[in-house]
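Student: I have a structure open and want to learn to read its features. Can we take them one at a time?

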Amino acid sequence: MTDVARIAGVSQSSVSLVLNAMSGSRISQETQTKVWEAAHKIGYKLPGVRHDPPSQVAVERDTIAFIVDEISTSPHPVVSLDGARDYAFEQGFLVSAHATRSNPDLEDAVLRAVLRDPTIIGVIYATIFTRRVHVPEPLKNIPTVLLNCYAEPRQHMAIVPGEVAGGFAATAHLTSLGHKRIGFINGEPWMDAAIDRLKGYKQALATADIAFDESLVRDGDWLPLRGYEAGLDLLSMPNPPTAIFCGNDLMAIGVMEAAAEKGLRVPEDLSVMGYDDQELARYTHPPLSTLVLPNYEMGQKASEMLIDMAVHHKKLRPMTVKVDGPLVVRTSTAKLSS
């Protein structure tokens with residue numbers, strides 16, 4: 001408010017009266033206009049309060065609404081938001097984030113607020129894990145890009161991770177090191193990410209002329225304890241795997257604990273491969289080889305596409321774009337020792 005007052009050349013009390021739309025104040029229309037223009041110039045809005053400026057003040061459309069079902073229980077949507085925000089800001093736009101907690105009433109309230117906000121150019125509609133969604137009806141009236149989710153084909157632009165390619169790249173890294181018995185601890189089998197990573201694992205084995213062995217596959221739950229349990233199970237087999245590919249970094253940490261308990265050294269006796277490249281993957285002992293889940297790049301792409309659609313009026317054919325993540329080789333994987 002102090003900044004608004006300085007820019008508008010009025011007192012802070014006047015700014016408060018104008019922005020709070022206090023009735024009975026004897027403030028000229030000219031002063032009110034100056035205050036609204038100053039507030040809009042620096043992007044100032046009263047917390048929890050929204051008043052439309054006078055009609056004669058031109059409103060700049062400069063904001064992308066990022067609507068996500070969950071943001072606080074996983075680092076992935078936060079990184080996607082970072083990517084969307086950074087790209088948008090480079091292009092002169094801001095991103096406002098709204099977490100709905102999968103609550104239909106909250107989502108409806110967010111959509112109503114977004115649709116009546118004159119500064120919004122469009123919506124990035126995101127989910128915490130990759131899945132099919134039913135796109136809310138109100139979003140048909142505003143440019144929308146789906147992020148980490150998809151709907152009916154050929155109706156919406158959607159950006160998802162290339163999970164089959166990721167599963168392939170992670171497994172191919174292990175086969176290139178000479179491993180032929182490669183265990184796979186997957187995520188929950190009903191999830192799109194788990195289904196596709198398993199496809200990639202099978203394709204990489206086939207490419208290396210290695211027969212798929214179902215006994216080397218375990219379902220997990222993305223958590224370290226399950227990685228530990230499944231790791232112990234695999235390593236207790238009569239002919240145990242020489243490498244284990246895990247559906248995420250957390251389960252890979254559990255596998256490394258299981259290996260230590262069995263008296264095995266990583267990577268001398270067992271190569272361990274993760275997935276996601278979470279921050280902690282750099283600090284395991286040894287540091288974890290992994291496959292990047294490209295959340296940041298996906299967020300950037302979502303902002304780029306939305307700006308192209310809403311601002312540059314490009315006619316983009318609705319499609320699902322898959323973004324691949326790079327392999328990060330650290331020291332938890334090594335050539336198969338004789």
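**Cavities and a sheet**

Tutor: Start with the second largest cavity. Its lining is made up of Pro161, Gly162, Glu163, Gly166, Tyr275, Leu291, Val292, Pro294, Val323, Asp324 and Gly325. Keep in mind that this is a predicted model.

Student: How do the residues of that lining divide into nonpolar, polar and charged?

Tutor: There are 6 nonpolar, 3 polar and 2 charged residues. The volume is about 30 Å³.

Student: How many cavities of 30 Å³ or more does the count give?

Tutor: The count is 2. The largest cavity holds about 50 Å³.

Student: Which elements give two or more residues to the lining of the largest cavity?

Tutor: They are strand S1 (63-68), helix H4 (75-90), strand S3 (120-132) and strand S4 (144-150). Among the lining residues are Phe66, His76, Ile128 and Asn148. This lining has 6 nonpolar residues, 5 polar and no charged.

Student: Now the sheet. How do I read strand pairing?

Tutor: Strands of a sheet pair through backbone hydrogen bonds, either parallel or antiparallel. Here, an open sheet of 4 strands runs in the order S7-S6-S8-S9, with parallel pairing. Strand S7 (217-219) and strand S9 (271-273) are the edges, each pairing on one side only. Neighbouring strands are turned by 15° on average, direction ignored.

Student: Over how many bridges do S8 and S9 pair?

Tutor: Over 3 bridges, with S8 covering residues 243-246. At one of the bridges, Ile244 partners Val272 in S9.

Student: Which strands does helix H7 lie across?

Tutor: Helix H7 (residues 192-207) lies across S6 (182-186), S7 and S8. The helix runs at about 170° to S6.

How values were computed: Residues are numbered from 1 along each chain as its sequence is written. This is a predicted model: local features need pLDDT of at least 70, side-chain atom pairs count only at pLDDT 80 or more; totals for chains, interfaces and linings use all residues. Side-chain values use heavy atoms; hydrogens and water are left out. Two strands pair if DSSP finds at least two bridges between them. Axes are lines fitted to C-alpha atoms, for helices over the stretch in contact, and angles run from 0 to 180 degrees between N-to-C directions. Contact means heavy atoms within 4.5 Å. On a 1 Å grid over the protein atoms alone, a cavity is a set of points where a 1.4 Å probe fits but cannot get out, and a pocket is an open set with protein on both sides within 12 Å along at least five of seven lines; lining residues have an atom within 4 Å of a point. Grid points are joined across faces, edges and corners, and a volume is the space filled by probe spheres set on the points. Ala, Val, Leu, Ile, Met, Phe, Trp, Tyr, Cys and Pro count as nonpolar, Asp, Glu, Lys and Arg as charged, and the others, Gly among them, as polar.
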